[in-house]
Amino acid sequence: MEDEPVRILLVASAFNSLTQRVHAELRECDHEIGVELALGEDLLRARVARFRPDLILAPMLTTAIPEDVWTTYPVFIVHPGPMGDRGPSSLDWAITEGATRWGVTVLQAVAEMDAGPIWASVNFDVAQCGKSELYRNEVSDAAVAAVLTAVRRFESGDYVPEPLDYGRHDVTGQLRPFLTQQVRRIDWARADTATVLRTLRAADSQPGVLDALFGREYFIHGGHYEDRLRGEPGAVIATRDGAICRATVDGAVWLPQLRPRRVPGGPVTFKMPAADALGSDLPAGVPEVGVSSAEAAVRDTWSELRYREEAGVGYLEFAFAGGAMDTRQCRRLLAAYRDACARPVEVLVLGPQRDFFSNGIHLNVIEAAADPAEESWRNINAMNDLVEAILTTTDTLVIAALAGNAAAGGVMLALAADHVWCRESAVLNPHYRLMGLHGSEYWTYTLPQRVGAEVAERLTTRTLPVGARAAASIGLVDKVFGGSTTQFRDQVRREAENLAAAPELENLLLAKKQRRAADEAVRPLAEYRSEELAHMHRNFFAPDEPYRRLRYEFVAGVKPLATPAYLLG
Ligand code: COA
């Protein structure tokens with residue numbers, strides 16, 4: 001049976017980052033992959049009957065698979081916990097309790113949840129970050145390794161999975177209950193900074209920690225250390241770029257995003273920059289305490305932008321929650337980019353240390369705006385100004401370093417750089433169609449130039465995620481480095497320093513200048529922009545366009561009624 005492709009049906013509650021990654025990895029192994037969203041037992045039964053899988057694999061499932069399915073087909077569940085761990089809040093407990101090692105286990109579905117025989121398990125070191133960042137990085141890497149091992153063992157035909165046995169020394173987990181908001185509650189008068197941060201990280205990005213601010217209830221999403229500011233425990237003592245700083249008994253923490261608690265029967269609420277969510281409730285006396293990107297690089301404080309230089313290379317790091325970039329964030333990044341370009345370095349690396357590179361314009365901020373179409377327009381123009389600045393930089397070699405995933409305009413932002421280097425684990429979604437958009441960010445200039453018109457057409461219309469290795473094979477990215485985010489950063493640093501020290505650097509810059517001038521002569525950048533924006537204007541403003549509905553569904557988390565056609569293959 002080995003070397004024969006296995007027909008695998010991925011069943012998932014959403015086509016989320018891990019499901020996309022598993023999808024990309026298994027396709028690369030030449031298995032036949034189908035995707036079915038878990039939207040109802042009968043829909044699932046019908047799809048299974050049509051697809052006739054050898055194996056059903058659930059990378060991210062929040063509901064149970066019906067018994068008649070798992071008794072007829074082998075069903076593998078990816079559980080984000082070490083062997084023996086069971087329950088719906090695994091990562092939340094791991095972070096809450098300060099675990100330093102954790103794991104991902106692939107187990108077979110049986111009647112008892114998470115108690116089936118074990119096909120593979122991979123452990124990892126827990127990074128100090130929010131749950132969903134951990135999920136997209138260390139958890140995803142361990143999950144992919146465990147899934148590939150489990151599928152190989154399944155293919156071999158003679159592997160006998162290990163029954164769950166709490167008597168074994170390597171079965172370290174236990175059954176844990178759902179982690180409730182009562183347990184998550186923060187007592188600001190007592191909790192120290194470390195406890196507050198663990199609590200916030202365990203709930204980030206979902207479900208957040210329910211709390212009260214200025215007489216209203218909010219879910220807090222995300223939490224970061226502050227090294228200097230101090231105040232009355234629980235008090236909001238500063239703002240910075242839309243985030244608020246709240247004092248603890250022994251320090252202070254930054255809270256970037258809040259979501260108002262939904263009133264029963266009231267409109268849907270969603271995450272927003274904290275200061276926007278508080279609006280006029282935020283007392284006028286709370287000071288805006290900014291930090292420069294250079295200062296942020298040497299302090300332990302929250303900042304979306306950091307800039308540092310090392311061995312002739314500038315590093316402009318940006319990190320936006322959910323990878324979303326609103327108009328103000330685009331403008332701040334553009335200003336920091338211009339500052340970096342004015343520095344005496346000839347190689348500049350762009351990108352966050354870990355996690356999302358960018359997911360394009362900020363759909364939540366747009367949805368909340370008084371005039372969402374106008375705000376969409378402002379946001380896309382701010383993105384375009386940033387991309388244009390990168391495209392027209394001719395005296396610096398610009399490298400986009402993608403430690404994590406990117407989508408839509410976020411991918412096109414990376415393509416504006418001269419070199420695009422990608423961590424092997426990253427998943428790219430180089431398309432806009434799922435949001436009903438034509439797209440801008442000069443993609444009609446950069447994408448076909450990289451991959452050719454035909455592949456550009458396929459990528460933007462088939463709307464499937466592309467794994468990093470596949471992206472390199474079609475020229476979408478230039479280099480792929482394996483390993484953890486730390487190893488990726490080290491590799492990027494080495495290669496960037498080599499470029500900065502290379503004798504041919506001046507020639508590379510000259511060639512770049514000439515290429516840009518030649519391209520400009522064939523078709524000015526302004527023409528690409530105005531043509532793209534003509535489409536986008538229609539997408540944003542015309543009443544019969546789907547963008548408005550799709551954006552609302554995305555922001556409100558509306559589930560589709562059936563698995564979307566593009567996933568059916
Ligand atoms: N605007 C606002 N929020 C965004 C966002 C955007 N452009 N892109 C991602 N997010 C948020 C998500 O809502 C999610 O929030 P949550 O943690 O509260 O659920 C978080 O970022 C992580 O995204 P998620 O969808 O869970 O991650 P994923 O890896 O499973 O999927 C994408 C990633 C990029 C495929 C998916 O988020 C997406 O389609 N984003 C929209 C891309 C887009 O159309 N951009 C606008 C056009 S330029």
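User: Which residues touch the most other members of the largest nonpolar core?

Analyst: In general, nonpolar side chains tend to be buried together in soluble globular proteins. A nonpolar core here is a set of buried Ala, Val, Leu, Ile, Met, Phe, Trp, Tyr and Cys residues joined through side-chain atoms within 4.5 Å. Buried means under 20% relative accessible area, exposed over 50%, partly exposed in between (1.4 Å probe, protein chains only). In this predicted model, local features need pLDDT of at least 70, side-chain atom pairs count only at pLDDT 80 or more, and totals for chains, interfaces and linings use all residues. Residues are numbered from 1 along each chain as its sequence is written, and side-chain values use heavy atoms, leaving out hydrogens and water. The largest core has 92 residues; Ile244, Leu258, Leu402 and Leu447 touch the most other members. Helix H12 (residues 372-391) gives the most to this core, with eight residues. Helices (H or I, at least four residues) and strands (E, at least two) are DSSP runs, numbered from the N terminus.

User: What is the strand order in the open sheet of six strands?

Analyst: Strands of a sheet pair through backbone hydrogen bonds, either parallel or antiparallel. Two strands count as paired if DSSP finds at least two bridges between them. The order is E15-E16-E17-E18-E20-E23, with mixed pairing. Strands E15 (305-310) and E23 (479-481) are the edges, each pairing on one side only. E20 (residues 419-423) pairs with E23 in the parallel sense over three bridges. Arg423 has Phe481 in E23 as its bridge partner.

User: Is Val263 buried or exposed?

Analyst: Val263 is exposed, at 56% relative accessible area. Val263 sits in the loop between strands E13 (257-260) and E14 (272-273).
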